[in-house]
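Have the coordinates open as you read.

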Amino acid sequence: MSCQNNVDFFDSVVELWDEINTYNVEAINHIIDKAGIGPDDVVLDCGTGTGVLIPYIVEKITENGWVDAYDMSTEMLKVAHRKFSSTEKARFILGNIERDRLFGAYDRIMMFCMLPHLDDPVATVARLYEGNLMPGGRIVIAFPSSKEEINSIHHERQHNHVHSHFLVSADELADDLRHAGLNVDYVEDNDSCYIVRVAKPQ
């Protein structure tokens, strides 16, 4: 399936998205804590969707920081903009995180609930790490639920022609990222949370 299938799918369900998708707030706060976002950090929110992470990020960037909310769905981005543009801490960018050449340099890169939609997740993370992550920065790949739940959801959505891959265990993903030369410094994989964190040395 093509990238366009995903765009069409997410555009078509945007008005119901926040109603049909609920997230474990405690797990999201845990993910944000593991990201270690500082008040002046510049954050990239990959595949922001309707902006689920934006208020959690904005709560942390209390000084000169901001968040670039990036998504390939125009309609999803419109909803995120409508909900959170008043924070004046978010910029909303239309694009494909896997295919676009990004020019920003970020202290934190959040990949929240979007990894299975990438054709080559490891290559994408490696490219962001090398080209867009500041020294001392972190990439956080995370889901506020178990990999089994994520895979079940994506299996169901395949019937709606949304393109996604099977999510491997956090340990397996961490090994793949290490083999690509990246420094994985935290892994968590349980019934309530899935986190793989990549840290760039100073």
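1. Where is Glu-88 found? Glu-88 belongs to the loop between α4 and β3 (90-94). Helices here are DSSP runs of H or I with at least four residues, strands are E runs of at least two, and both are numbered from the N terminus. Phi of Glu-88 is near 60°, which is a positive value in a residue other than glycine. For context, most residues other than glycine have a negative phi. Glu-88 counts as exposed because its relative accessibility is 72%; the scale is buried under 20% relative accessible area, exposed over 50% and partly exposed in between, with a 1.4 Å probe and protein chains only.

2. Before going further, the ground rules. This is a predicted model, with local features needing pLDDT of at least 70 and side-chain atom pairs counted only at pLDDT 80 or more, while totals for chains, interfaces and linings use all residues. Residues are numbered from 1 along each chain as its sequence is written, and side-chain values use heavy atoms, with hydrogens and water left out.

3. Now the overall layout. The protein chain has 7 helices and 7 strands, and along the sequence they come in the pattern α-α-β-α-β-α-β-β-α-β-α-α-β-β. Of the 202 residues in the protein chain, 51% are buried. Among contacts with a separation of 6 or more, 71% are between residues 24 or more positions apart, a contact being heavy atoms within 4.5 Å. The accessible surface is about 9,500 Å², with 49% of that belonging to carbon and sulfur atoms; the areas come from the Shrake-Rupley method with a 1.4 Å probe, and for residues only the protein chains shown count as cover.

4. Strand β4 (106-112) is worth a look. Of its 7 residues, 6 are buried, so the strand is mostly covered. β4 pairs with strand β1 (residues 42-46) in the parallel sense over 4 bridges, and Cys-46 has Met-111 in β4 as its bridge partner. β4 also pairs with β5 in the parallel sense, here over 6 bridges, with Phe-112 partnered by Ala-142 in β5. Strands pair if DSSP finds at least two bridges between them.

5. Cys-113 sits in the loop between β4 and α5 (121-132). Its phi is near 55°, again a positive value in a residue other than glycine. Cys-113 counts as partly exposed, at 23% relative accessibility.

6. What about the strands β6 and β7? Strand β6 (residues 184-189) pairs with β7 in the antiparallel sense over 5 bridges, and a hairpin of 4 residues joins β6 to β7. Val-187 stands opposite Val-196 in β7. Glu-188 is in strand β6 too, and it counts as buried, at 14% relative accessibility. Leaving out residues up to four places away in sequence, Glu-188 touches His-30, Ala-170, Cys-193, Tyr-194 and Ile-195.

7. Finally, helix α4 (residues 74-84), where the buried residues are Met-76, Leu-77, Val-79, Ala-80 and Phe-84. Seen down the axis of α4, these fall within an arc of 160°, so they line one face of the helix. The arc is that of the directions from the helix axis to the C-beta atoms.
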